[in-house]
Amino acid sequence: MNIIQEILVGITLLISVIYILRKYNIIGGKKSKCSDGNGCGCN
Amino acid sequence: MYTIADLNKGDTAIIKDVSSIDIPIKLLEMGCLPGNEIKVIQQAPFSGPMYINIEGTHLAIRSKTAKLIIVDKLKDE
Amino acid sequence: MSKQIKVSLIGNPNTGKTSLFNALTGLNQKVGNYPGITVEKKEGICKLERGVKAHILDLPGTYSLNASSIDENLVIELLLNKNDKDFPDVAVIVSDVENLKRNLVLFTQIKDLKIPVILAVNMADRMKYKGISLDIPLLEKELDAKIILTSRDGSLGISELKECIVNFKQISTKPSIDLSLIDENYFNSLSSAFPNQDLYKLWVVISQDANFGKMDRNSLDILDFKTKSTSELKRLQQKETIKRYQFINNALRLGQVIDSSKAVGYRAILDRILTHKIYGYLIFFIILLAIFQVIYDWSSVPMDLIDTAFADLASYTKEVLPAGVMTDLLAEGIIAGIGGIVIFIPQIAFLFIFISILEETGYMSRVVFLMDRVMRKYGLSGKSVVPLISGTACAIPAIMATRNIENWKERLITILVTPFTTCSARLPVYLIIIALVIPEGSFLGVSYQALTLMMLYMLGFGMAIFSAYILNKILKTNRKSFLVIEMPNYKVPVLRDVLITVFEKTKSFVLEAGKIILAISIILWVLASYGPGENFNDAENIITEKFEKFENINIESEIASHKLEHSYIGIIGKSIEPIIKPLGYDWKIGIGLIASFAAREVFVGTLATIYSVGNTDDVESTIKESMSSEVYSDGSKVFTLASGISLLLFYAFAMQCMSTLAIVKKETNSWKWPLLQLIIMTLIAYVVAFISFQILN
């Protein structure tokens, strides 16, 4: 049971870290912010 | 040459010339055109914006812009 | 399968366009973002007849196709680009029955773009109070368009409007004015140079350059066609405007009758008082004070309820779920984190209710009028007032509110200084430190504690204004700044619209700030609950050994305290201790400071954990007691007047809110500004806190 809990914590942590990094554009993501096809202002 | 900036609260005038290119086109589109009547409703203190009524459109403009619009002042009643 | 007709709602500001949008879409609306720029995209679905739906886009209010701000620019970009997926099948031009003449300028421009248009004459229920009567069939003939009378609350004209939309294909797209009459040579050569392009559309693209700087010209490559100078282009624009008014005046002369003797209005009287040179300002400040007073009084009840609810939820979670680290994370990290966000909703919602009411009544324009002169001295605009006031709830929606400021520099300065105003999140920190270190007693009937709080608020505003002043001197711009703001007629706000606005703004706070706060809360919890090496992992043994010979020691709390000290966050706290010692803080406060980067209010919660962790008796001591009894190894207190004031000042100036930084980056489209904000504000905070501690100590 403890292992499961530890793993869950690890996953939650990972998600949080990735979220923050993506929010500040430090890493990219699968979902691009631009849904408009004509090239967008993502500087 | 009289401009809106020279008018006082309560004055009425007819707009004469808005050809200065520093006048934002937005103003003209809001009705600030030669021949239209303008009334001064209020003047904010320390040469702040002027609250004016042009043919029913009520708006506020800064004194810098007001200085560019030339008018014919109408006689007070 | 249902078809979707693409409808754009366009119109001057203050025409009740959004009310119409709300009436058509109800709650089937959502607010998002346009890619690449920071204007809000408001869209919704409206059910028409026979399974047909309309996708309605509520575009930012604009006076004409000549843009003077980024949100106005958006409208033009959309209307000029047939390939845009939101390009409308039909445009509903919303006008205000009292200002029909002016509203029709935009109407004729859009009609000239050959987009099918429907004219909605809104606020038609007020016609008789203004002595206005309209001959609709005649106007429809003169303007060559379908006209529908509507009212803000949706009681008039909605079903006719829907019917019109369904039949959009029958709408005529004949242009209103003949461009060649403005300057025959120019326009003839233009149309022969680009025979495949619509003439008016070409003209709009060319003349944009004269007004607002860059505009994306997409597929129209006419940069070479520059046979006119900027000033000549402007003159042509003026002529075009005059022509439009001629057309409009002709139509209205036939179809509209205004009998001013029948007009009933309070505008003149209200304006005389509210824009009075002295009373106008007095009234504004009284209104402000009243709003703040009410907000703090009213929000304390729901805040307490939320606080208790989340605390209960956390303990319930611990009871019900199997014991373990994930359960702890859930209770102490996640639930506590979410609770920390939710607890601010009452305050923020109330503030926005008031601001929204002030805007809907039309009073805000008068405030802009009153405050513009003062604001200009500091490089701000009269329109900066709303963001600055909103900043006392939360900087995030406040910064978003700067989008209607025309001048780039004024807008940027507003964005950069708004975080100095005392936001809701700083309040819990202020309150607990004040309660801890400010002595009892009062001055002229006001307690020292209340005075301190008031001074902190004034400090926030003062600093905002002062830094605006500095920034104004440093930043250079070659764009002229102008202010043209309409003073709409006073109106009774429509409750539904106020509520929808508040809902949207509060939602943006919860989602934008909330997700970041939650993520960081989780990370911090993990950092505080795990540590490297033996010191942490063997804590139980180490402590048990250490205190073997002692009695009257609470082993549990000693273990917890030791663990905290050697956890990751404890190590970080200790490593920055040398830097913060001169400010009067110890490593525990240091942990609190770091945690505050998630959200300032986290400071109090973190300290609660740290200090109660060290003091887990059976008798629960309040946070305040725990903190006030906290001493250094030499016995001297950690929280003294000196360190307290130093801490207060640090929080007043430091830029700690990650969420705000994210929004600033989004709104300014670069990393430069938020980074500068972070560095400079934190530096100021450090220096001021340092000086104050050293002096008072």
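**Chain B: elements.** I first looked up the secondary structure of chain B, which has two helices and five strands. The model is predicted. I then read chain B along its sequence and noted the order β-α-β-β-β-α-β.

**Chain B: dimensions.** I looked up the extent of the C-alpha trace of chain B, and along its principal axes the span is about 30 × 25 × 25 Å. I next compared the radius of gyration with the value for a compact globule. For 77 residues that value is near 11 Å, and chain B has 11 Å, so the two agree.

**Chain B: burial and contacts.** I recorded that buried residues make up 47% of the 77 residues in chain B. Among contacts in chain B with a separation of 6 or more, I found that 58% join residues 24 or more positions apart.

**Chain A.** I turned to chain A and found one helix and zero strands. Of its 43 residues, 7% are buried.

**Chain C: helix α1.** I examined α1 of chain C, a helix formed by residues 17-25. This helix is mostly covered, and I counted nine of its nine residues as buried. The buried residues of α1(C) begin with Lys17(C), Thr18(C) and Ser19(C), continue through Leu20(C), Phe21(C) and Asn22(C), and end with Ala23(C), Leu24(C) and Thr25(C).

**Chain C: after the helix.** I checked the backbone just after α1(C), where Gly26(C) takes a positive phi of about 60 degrees.

Conventions. Residues numbered from 1 in each chain as written. Chains lettered and ligands numbered in written order. Predicted model: local features only at pLDDT ≥ 70, side-chain atom pairs only at ≥ 80, totals over all residues. Buried ≥ 20, exposed ≤ 12 C-beta atoms within 10 Å, placed from the backbone. Helix = DSSP H or I, 4+ residues; strand = E, 2+ residues; numbered from the N terminus. Rg over C-alpha atoms; globule rule 2.2 N^0.38 Å. Contact = placed C-beta atoms within 7 Å.
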